[in-house]
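Subject: Structure handover

Hi,

Here is the structure you asked about. Please open it first, then read my notes below.

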Amino acid sequence: MHKTISTFFILFISLSVFAKSGKVILSGKVSNPSVTSIKITYFDYKEVASAELDDNGNFKISAKIEGGFYFLSYGRNTAYIYLYPKDELSISFDAEHFDETLVFEGKGAERNNYLAKKSVKGSELTKDLDAFYKVDETTYIKNIANVKQRHLNALAKINVEDFFKTAEEKSLEFERLLSIQNYKSNYKFYLGEEISPSKGFYKPVEKIDVRNEDDYKRQPYYRYLVNSVWNKKIDAAPDAESMLNVLREVKSQPIIISLINGFYSKISSNKERAKDYLDLIKMVTTHQPFIEAAEKQYQEVMKSKGLSKGDASPEFSYETIDGKIISLNDLKGKYVYIDVWATWCAPCIKQVPYLKQLEERYHNKNIVFVSISVDKEKVKDTWKQMIADKELGGLQLFADKSFDSDFMNAYAVNSIPRFILIDPEGKIVDPEAPRPSFDKTRVLLDELLH
């Protein structure tokens with residue numbers, strides 16, 4: 001997950017296609033608050049309304065909305081909610097356990113409690129990465145169909161309005177199609193291996209109309225699906241001019257604007273194509289602040305030298321959960337496998353069981369497993385609580401300045417999870433080491449620690 005979501009709105013996208021508009025009231029209490037504000041946003045992260053928490057963690061939001069899906073955002077925590085005019089919701093959660101404790105009461109509560117439970121259940125159903133992803137295509141299709149059916153079963157058991165059931169049934173199908181579309185990239189992300197799905201694997205996605213502006217504004221998973229389809233086509237184009245030709249095929253202005261906003265992050269996430277994306281931005285907009293930000297991002301990407309295998313690793317000195325200071329120099333004489341993570345990072349949490357397996361496998365070997373949190377100082381208690389709740393092992397450290405710590409800057413850590421491997425002499429074995437869930441991680445460590 002990236003440390004920030006940099007979004008530049010060239011034009012504000014109007015979300016005015018919903019069936020009905022009206023006032024909603026959201027009030028509630030946050031236990032163990034870590035930030036002082038809470039907000040409702042569209043799923044393009046544009047703010048709808050917000051409120052400040054009082055000294056006791058209480059808040060109240062009153063806003064005129066159009067019925068549909070939104071995000072409830074608290075710090076780095078987000079949850080899908082479905083609001084409808086005249087909803088009066090009371091919301092409570094523990095900031096240290098956002099997903100597990102989020103509860104709604106009042107008018108509109110039933111549908112939103114379903115969505116909160118759906119998020120937790122979805123994480124549980126996909127947490128075994130090998131069982132979910134490392135299977136043949138037929139089994140994978142069955143796995144994602146099972147996830148959809150489990151949610152449909154839960155939806156059928158609750159007493160909610162027909163308009164929500166219709167919207168959610170549609171959303172679940174788009175989510176299933178998105179899982180097909182992203183199978184190859186998710187497989188590489190979680191398992192570290194390239195796969196080549198069969199020609200017929202993507203047929204369900206190819207049947208989708210990717211120019212439906214109405215669904216694009218109403219349905220979050222359709223939005224992600226459409227962006228993924230178009231981004232794949234744009235990225236496959238050989239140069240900026242060819243990319244522009246693909247973009248011209250889109251037609252829908254909201255989709256075009258969303259894609260253009262995403263080109264900014266492509267500059268840093270795809271260094272080999274950074275110049276093409278910068279040129280593309282200049283071709284499609286005259287919005288000067290956006291162009292200047294893109295140029296600045298490009299210059300930073302180009303001048304970042306990066307660290308290579310065999311270089312001496314930069315140092316760190318970070319605090320343990322007990323308040324002691326541990327430096328990289330203290331660990332010389334052992335291999336050091338570093339996990340850069342944060343409590344808000346869902347992909348990081350998915351790696352925890354696999355990291356524990358590595359720790360157990362190499363328990364008596366010449367290696368130390370170090371987890372460095374890049375959480376903000378104000379959520380240090382949340383970090384300590386998660387270490388206890390998940391029984392995290394290894395050496396747990398807290399970075400002094402989150403992503404702006406010297407060690408993070410030296411390694412150009414701008415997204416997590418990130419893994420780094422250092423040898424007993426303090427030299428870099430791999431500045432972007434394979435993840436604990438990758439088979440090649442065990443192969444690598446077996447070779448080094450035989």
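**Packing inside**

Ile234 touches Met243, Val246, Leu247, Leu259, Phe263, Tyr277 and Leu280, leaving out residues up to four places away in sequence. Contact here means heavy atoms within 4.5 Å. Ile234 is among the residues with the most contacts inside the largest nonpolar core, which has 64 residues. Others in that group include Tyr133, Trp230 and Ile267. A nonpolar core is a set of buried Ala, Val, Leu, Ile, Met, Phe, Trp, Tyr and Cys residues joined through side-chain atoms within 4.5 Å. Buried means under 20% relative accessible area, exposed means over 50%, and partly exposed is in between (1.4 Å probe, protein chains only). Another core, of 35 residues, lies apart from the largest one; Trp383 and Phe407 are among its residues.

Residues are numbered from 1 along each chain as its sequence is written, and side-chain values use heavy atoms, with hydrogens and water left out. pLDDT is the predictor's confidence in each residue, from 0 to 100. The chain has a mean pLDDT of 92, and 96% of its residues reach 70 or more. Over residues 4–18, pLDDT stays under 50. Where pLDDT is low, the predicted coordinates should not be read in detail.

Helices are DSSP runs (H or I, at least four residues), numbered from the N terminus. Helix H6 covers residues 183–191, and its buried residues are Tyr183, Tyr187, Tyr190 and Leu191. Seen down the axis of H6, they fall within an arc of 85°, so they line one face of the helix. The arc is that of the directions from the helix axis to the C-beta atoms. Their cover includes helices H3, H4, H5, H14 and H17. Just after H6, Gly192 takes a positive phi of about 75°.

Helix H10 (residues 240–248) buries Ala240, Met243, Leu244, Val246 and Leu247. These residues cover an arc of only 160° around the axis, which puts them on the same side of H10. They pack against helices H9, H11 and H12.

**Charged side chains**

A salt bridge is a side-chain nitrogen of Lys or Arg within 4 Å of a carboxyl oxygen of Asp or Glu. The count comes to 21 salt bridges. Arg176 and Glu173 form one, at 3.0 Å from N to O. Both lie in helix H5, three residues apart, about one turn of the helix. Asp446 and Arg361 form another, at 2.9 Å. Asp446 is in helix H17 and Arg361 in helix H14, so the pair ties together parts that are 85 residues apart in sequence. Lys134, Glu193, Asp439 and Arg442 are linked in a network of salt bridges.

Glu359 sits in helix H14. Leaving aside neighbours within four places in sequence, Glu359 is in contact with Phe369, Gly393 and Gly394.

Best wishes

Definitions and conventions. This is a predicted model: local features need pLDDT of at least 70, side-chain atom pairs count only at pLDDT 80 or more; totals for chains, interfaces and linings use all residues. Helices (H or I, at least four residues) and strands (E, at least two) are DSSP runs, numbered from the N terminus.
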